[in-house]
Amino acid sequence: MSLLVLGLNHRTASVELREKLTIDAQGLSPALEALASQVAPGVILSTCNRLEIYTLFNESSESRDSLGELKRFVSSYSGVPQAAFEPYLYHYEEADCVRHLFRVASGLDSMVVGEWEILGQVRAAFSAASSPDAGNGVTARYVRGPLSRLFHQALRVGRRVHHQANLGSHSGDYRRRSVSHVGVRLVHRLLGDLSQKRVLLVGAGNAGQLAGRAMASAGARNLVIANRTYSRAQELAAELQGAAVPFEQIHHALSESDVVISTTSSPDYLLTRSQVEQVMADRPGRPLLMIDIAVPRDIDPEAGLLEGVSLYDIDGLSTTSDAASVGMGPEIAMAEDLVAEETASLMEWWSSLDTISAIATIREYAENVRRAEVEKTLSRMRNRLAAGSDLPEDEILEDMTAHLDALTSALVKKLMHHPTMYLKEGNDPARQDVIREMFNLDGTGERHGRR
């Protein structure tokens, strides 16, 4: 068996490419089913900053191209030619795969180092892959065994790193380290005092809630929330002492805003260039700052070319996110040490699976030999008793003893045949030491050598 992850992220691929490969919540179940049927059962982690596929291959032949199969799956499912994304991919196997997932779950591989959201996203990805009923009439393949163990431990590692390495100490609360907070930090840096600015927040999901709370903490007093489900916009507006508007009125709300932060999971642009152009025509001389942290993007990038419009997508926040990690060297070093420790722990367990498998194979072989010889002996004894049912007791006992002696002798010969041949091949002293230790031939019962 072989652990493998194939993926790309914000460091290797642009937002233009990432949004083409994004698998949303509705598409995750059929994607998992397609992965299981076309390649192998696995876990798909799709977020605004990454697409990663984790699989466990049982290599049936040396010629199997596991990596190639995964690449072809990504291409066929997304409709994006393989040549368009292949240069931006990375892949890791075995211990490197384990370490990578542990770093991802811990927030060490995130745009905002130490972010908390990614742990929930890893949990959701694992849950979707291991659920017996993924919804939409699709039954997901169970993720069992080593892959399940890997993700369970990854979730524990993420929690341990956040708490023990104290990655959020610089912000006062590790839960405040997120892309949403970085976007708000950029707004504050560009505009300064936010108390008199009108802010439109599009989306009241997790990212929208984080952005709204961060805006309120940064001093924004005039918050307007728009969301497809109006009741959720009302709930967030009540919490932040802002106002909610129906989603259909987003363009009117935009015309009155100084800042817009968009965080939805819409597959299409919510704001096109022409719509933003019309808004700007109605407000001459008033600039508009737009922060789009959604992937796929909510705002047409062409809108950023309009006069008076400053548009930043999620990749445009990278400089601000890097600045947010300044001074975190000791915390990051501790987190990396914890990840290394946990990786070694899982790999020790993983290595033990080979030994367990070998032991099971040996026991199965021995049991098969035993059953065959017992059946032969019982068959001979039945025939003997049927032929001479009036035999004296001592003769029957003698006959049974002979059969048992033949049985045990046959067992010894068959069980010792392969070890004997192993010793004879090459007359290797190292092999002799192995056999002596295996069978405890010195009588001490102790193990020898470095192990």
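Predicted model: local features only at pLDDT ≥ 70, side-chain atom pairs only at ≥ 80, totals over all residues.
Residues are numbered from 1 along each chain as its sequence is written, and side-chain values use heavy atoms, leaving out hydrogens and water.

**Exercise 1.** State how many helices and strands the chain has, and what share is buried.

Step 1. Helices (H or I, at least four residues) and strands (E, at least two) are DSSP runs, numbered from the N terminus. The chain has 16 helices and ten strands.
Step 2. Buried means under 20% relative accessible area (1.4 Å probe, protein chains only). Of the 451 residues, 44% are buried.

**Exercise 2.** Work out the strand order of the open sheet and find its edges.

Step 1. Two strands pair if DSSP finds at least two bridges between them. Six strands give the order 7-6-5-8-9-10, with parallel pairing.
Step 2. Strand 7 (243-246) and strand 10 (309-313) are the edges, each pairing on one side only.
Step 3. Neighbouring strands are turned by 20° on average, direction ignored.

**Exercise 3.** Describe how strand 5 meets strand 6, and what packs there.

Step 1. Strand 5 (residues 198-202) runs parallel to strand 6 (residues 222-227), joined by five bridges. Leu200 stands opposite Val224 in strand 6.
Step 2. Helix 9 (residues 206-217) packs on the sheet and touches strand 5, strand 6 and strand 8 (259-262). Contact means heavy atoms within 4.5 Å.
Step 3. The direction of helix 9 makes about 165° with that of strand 5. Axes are lines fitted to C-alpha atoms, for helices over the stretch in contact, and angles run from 0 to 180 degrees between N-to-C directions.

Notes. Buried < 20%, exposed > 50% of the residue type's maximum accessible area, 1.4 Å probe, protein only.
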